[in-house]
Amino acid sequence: MKVVIVGAGHAGGSAAALLRASGFEGEIVMIGEEPAPPYQRPPLSKAWLKGEADLDSLLLRPAEYYAEHGIDLRTGTMVVSIARGERTVSLSDGTVETYDALILATGSTGRRLPLPGAERPDLIELRTLADAERLKDWLSPGRRLVIVGGGYVGLEAAASARSLGCEVVLLERLDRVLKRVASEPLSAFFTERHRAEGVDIRVGVEVAGFEDGGVRLGDGTLVEADVVLVGVGALANDDLARAAGLDCDAGGSGGIRVNETARTSDPAIYAIGDVTLRPVPVHGCVVRLESVPNALEQARQAAHAIVGRPQSAPEVPWFWSDQYDVKLQIAGLPMEADRTLVRGDPAAGRFAVFHLSGDRIVCVEAVSAPPEFMAGKQLIQRRTPVDVAKLADPAVSMKAVAV
Ligand code: FAD
């Protein structure tokens with residue numbers, strides 16, 4: 001039995017290791033476009049950008065792990081096509097690999113803005129170690145960084161750049177930062193915190209293009225910049241799968257459709273991580289998730305399916321973000337919610353926003369509030385009803401809010 005993994009990122013690297021940990025003794029070939037062995041992306045906008053982490057600490061496993069465990073890791077090489085009939089993949093170096101099972105773990109790519117100057121080589125995005133190295137080279141005290149996009153990556157980069165003494169301007173098209181991914185109280189909290197740290201956050205601004213000296217806005221203003229970071233969301237890298245005729249999402253940010261064992265519409269092909277559109281049984285919905293816990297859960301699903309091990313119980317999706325000394329942790333998805341409730345005081349820098357469907361928590365956004373996150377996640381998983389009045393009272397322990 002031979003498994004080929006396309007993409008040596010968080011999901012691909014984890015799947016290879018989990019196959020071995022699950023007793024898989026067949027051949028494993030993992031092909032990755034980037035030069036480095038599988039590494040963690042979250043520190044790229046946080047500790048790594050601030051110079052607080054080195055390359056070794058980014059790696060998922062030591063570089064020698066793969067050879068020691070019989071994993072044929074080929075970095076700096078791309079898979080360019082899949083021939084499902086023959087069960088082969090063709091590589092950019094001209095070689096062809098056969099497979100019995102194929103795992104697509106190709107991740108996602110930063111969305112490009114269809115604006116004049118958007119292809120300029122001096123615009124930076126923050127997806128890869130190479131991007132982070134370019135950005136880091138620019139960040140020195142007094143330099144002016146303009147960030148387009150108020151999502152997590154933009155906000156984390158803003159916090160890191162401020163701690164390095166850069167001037168930071170953040171431009172967001174919508175009327176609040178994090179609008180697509182977080183509740184209003186959370187957006188308000190982070191906006192206030194960033195402004196207090198000296199970040200010039202401007203919301204409701206339309207970027208018209210990029211040119212020498214900075215970013216041109218729709219009203220004609222030039223926002224001067226030494227360096228521009230664009231972080232406006234990501235699209236699934238599903239081209240290979242589409243070209244091979246696998247079932248993919250036609251709209252939105254794309255994604256390869258998989259089931260709860262990470263299987264695609266071809267039973268010999270699995271897809272895992274950012275590139276998938278996946279069912280989330282806890283919420284009864286199908287979504288594309290971009291998070292490390294999602295990459296790990298699906299890597300486990302594919303590994304277990306391939307070795308014939310029983311699947312683990314479905315997880316509650318979760319995510320984290322670190323900005324300054326603030327630790328944000330989110331569990332669950334808010335789509336089913338009919339109201340929100342804030343527990344604690346945002347002004348004190350420690351609070352949680354609970355999204356409720358009737359008397360059930362479906363999502364918790366916890367700001368430097370690990371007990372609310374932990375307990376909230378469990379209550380979502382178990383679908384336990386809660387006493388809403390108790391939940392609203394921070395003096396009542398989270399253990400006592402379940403009905
Ligand atoms: P990736 O890790 O992106 O790996 C995909 C790999 O496949 C890439 O190396 C790509 O080059 C390669 N590839 C693509 N096509 C081919 C091909 N045809 N042939 C060969 N190789 C190919 N998540 C959190 O939960 N918390 C965080 O705080 C957080 N912070 C983040 C900060 C940043 C700056 C970024 C970029 C992401 C962050 N994430 C965070 C998201 C998290 O890193 C991703 O969800 C995770 O990396 C997804 O893993 P993946 O393997 O699906 O994709």
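S368 sits in the loop between β26 (360-367) and α9 (370-382); helices (H or I, at least four residues) and strands (E, at least two) are DSSP runs, numbered from the N terminus. This is a predicted model, where local features need pLDDT of at least 70 and side-chain atom pairs count only at pLDDT 80 or more, while totals for chains, interfaces and linings use all residues. Residue numbers start from 1 along each chain as its sequence is written.

Back to the loops. Most residues other than glycine have a negative phi. S368 has a positive one, near 45°, and R383, in the loop between α9 and α10 (388-392), has a positive phi near 55°. How open are these spots? A residue is buried if 20 or more other C-beta atoms lie within 10 Å of its own, exposed if 12 or fewer, and partly exposed in between, with C-beta atoms placed from the backbone.

| Residue | Other C-beta atoms within 10 Å | Class |
|---|---|---|
| S368 | 17 | partly exposed |
| R383 | 11 | exposed |
| A244 | 19 | partly exposed |

A244 belongs to the loop between α7 (239-243) and β18 (256-257). Leaving out residues up to four places away in sequence, A244 touches I82 and R84; a contact here means C-beta atoms, placed from the backbone, within 7 Å. The C-alpha atoms of A244 and G85 are 9.9 Å apart, although 159 residues separate the two along the chain.

Zooming out, the protein has 10 helices and 26 strands. Its C-alpha trace spans about 60 × 60 × 40 Å along the principal axes. The radius of gyration is 22 Å, which agrees with the value near 22 Å for a compact globule of 403 residues; that radius is taken over C-alpha atoms, and the globule rule is 2.2 Å times the number of residues to the power 0.38. Buried residues make up 43% of the 403. Of the contacts with a separation of 6 or more, 59% are between residues 24 or more positions apart.

The domain assignment gives domain 1 (2-109 + 234-307), domain 2 (112-230) and domain 3 (325-400), with bounds from an automatic or database assignment. The contact between domain 2 and domain 3 takes 6 residues from domain 2 and 7 residues from domain 3, and the C-alpha centres of these two domains lie 30 Å apart.

Now the inside. A nonpolar core is a set of buried Ala, Val, Leu, Ile, Met, Phe, Trp, Tyr and Cys residues joined through C-beta atoms within 7 Å. The largest one has 67 residues, of which L145, I147, V228 and L229 touch the most other members. Helix α5 (residues 152-163) gives the most to this core, with 7 residues. Apart from it lies another core, of 45 residues, among them V3, L73, V258 and A262. Contacts of I147, not counting residues up to four places away in sequence, include A157, V168, L170 and L229.

Finally, the ligand. There are 36 residues around it, with G7, G9, A11, G107 and G273 coming nearest; a residue is near if its C-beta atom, placed from the backbone, lies within 6 Å. Domain 1 and domain 2 each supply at least three residues of this shell. At least two residues each come from α1 (10-21), β2 (27-32), α8 (292-307) and β22 (318-323).

Methods. Contact = placed C-beta atoms within 7 Å.
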